[in-house]
Amino acid sequence: DLTLVQDTVLRLVVGDKDGTIPDTAWVRITNSGGNFAPITSQGGGNYQVGTIALERGGSGGSHTKYCGGFEVLLDDHRTMREMDDLIYAEHLGFGLRSMTAEDRFPELFAWLRLLDKNVVVVIALMIIVAMINMASALLIIILERTNMIGVLKALGSSNTLIRRVFLIDAAYILSLGIILGDLLGIGLCVLQGSTGLVKLPVETYYVDAVPILLDPVRILLLNLGTLLVCLLALIVPSSLVTRVAPAKAIRFD
């Protein structure tokens with residue numbers, strides 16, 4: 001509360017909690033009706049309470065004469081901590097500090113790490129399902145080709161050669177399925193990226209639609225990794241070929 005007895009100009013030097021350079025501002029209080037009465041500043045612009053008018057002004061501030069901070073953009077977010085240490089140790093003087101985006105928004109980065117874990121779990125489950133399905137399919141193919149296995153063994157083919165034939169057939173089936181899956185998945189991603197078809201609640205996910213990032217290198221590595229893991233898993237089922245006796249297999253119906 002201010003109690004004034006005459007026209008008064010209050011010159012204030014104000015700053016903020018972050019320690020920025022203070023600006024100079026003035027406040028003029030005038031009474032058009034005679035005696036002054038106590039008033040309480042309510043913030044905002046110029047205003048009047050009864051016969052008392054309040055005006056605020058200043059020199060325009062010193063914000064054009066200093067820099068309160070600077071931002072460093074990185075091509076790889078994984079180097080954020082290293083760059084923060086480097087900037088703080090070699091480029092900042094006494095009384096200055098550096099802060100990474102993760103320090104400012106820890107909840108956002110915690111959410112992103114949780115999403116990364118979900119992606120790993122989903123991909124692992126999908127690979128396990130693919131391995132089980134391909135093992136079942138290979139066993140069915142071997143049983144259907146029992147007569148052929150017997151004939152090949154009778155002609156002198158080794159177990160290794162016959163297993164290689166079935167593994168090549170399994171690799172062909174896997175490759176075809178991977179290509180069709182890529183076409184479907186990439187097509188849906190392109191549709192989502194261009195239209196934002198699948199929406200998300202902003203309060204939970206911080207974005208209003210499912211974000212899409214297509215990285216050809218990662219897609220290629222995922223395809224090759226899936227093909228390799230599934231083929232390695234099919235080595236054990238293909239060993240059933242070694243148990244097929246030529247004499248019985250030729251008569252197998």
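Keep in mind that the model is predicted. The protein chain holds nine helices and four strands, and buried residues account for 19% of its 253 residues.

**Overall layout**
- Going from the N terminus, the elements read β-β-β-β-α-α-α-α-α-α-α-α-α.
- Take the contacts in the protein chain with a separation of 6 or more: 55% of them link residues 24 or more positions apart.

**The H5–H7 pair**
- Helix H5 covers residues 159-195 and helix H7 covers residues 216-233; their axes come within 10 Å and cross at roughly 150 degrees.
- Angles over 145 degrees count as roughly antiparallel, so that's the label H5 and H7 get relative to each other.
- As for handedness, the H5 and H7 crossing is right-handed.
- On the H5 side, the contact is made by Leu167, Ala171, Leu174, Ser175, Ile178, Asp182 and Ile186.
- H7 brings Ile219, Asn223, Thr226, Leu227, Cys230 and Leu231 to that contact.
- Sorted by type, the residues of the H5 contact with H7 come out as nine nonpolar, three polar and one charged.

**Cysteines**
- A disulfide is a covalent bond between the sulfur atoms of two cysteines.
- With a cut-off of 2.5 Å between cysteine sulfur atoms, the count comes to zero disulfides.
- Cys230, one of the H7 residues in the contact with H5, has 0% relative accessibility and therefore counts as buried.
- Cys189 has 24% relative accessibility, so it counts as partly exposed.

Technical notes. Residues are numbered from 1 along each chain as its sequence is written. This is a predicted model: local features need pLDDT of at least 70, side-chain atom pairs count only at pLDDT 80 or more; totals for chains, interfaces and linings use all residues. Side-chain values use heavy atoms; hydrogens and water are left out. Axes are lines fitted to C-alpha atoms, for helices over the stretch in contact, and angles run from 0 to 180 degrees between N-to-C directions. Helices (H or I, at least four residues) and strands (E, at least two) are DSSP runs, numbered from the N terminus. Angles under 35 degrees count as roughly parallel, over 145 as roughly antiparallel, 65 to 115 as roughly perpendicular and the rest as oblique. A crossing is left-handed if the near helix is turned anticlockwise from the far one by less than a right angle, and right-handed if clockwise. Contact means heavy atoms within 4.5 Å. Ala, Val, Leu, Ile, Met, Phe, Trp, Tyr, Cys and Pro count as nonpolar, Asp, Glu, Lys and Arg as charged, and the others, Gly among them, as polar. Buried means under 20% relative accessible area, exposed over 50%, partly exposed in between (1.4 Å probe, protein chains only).
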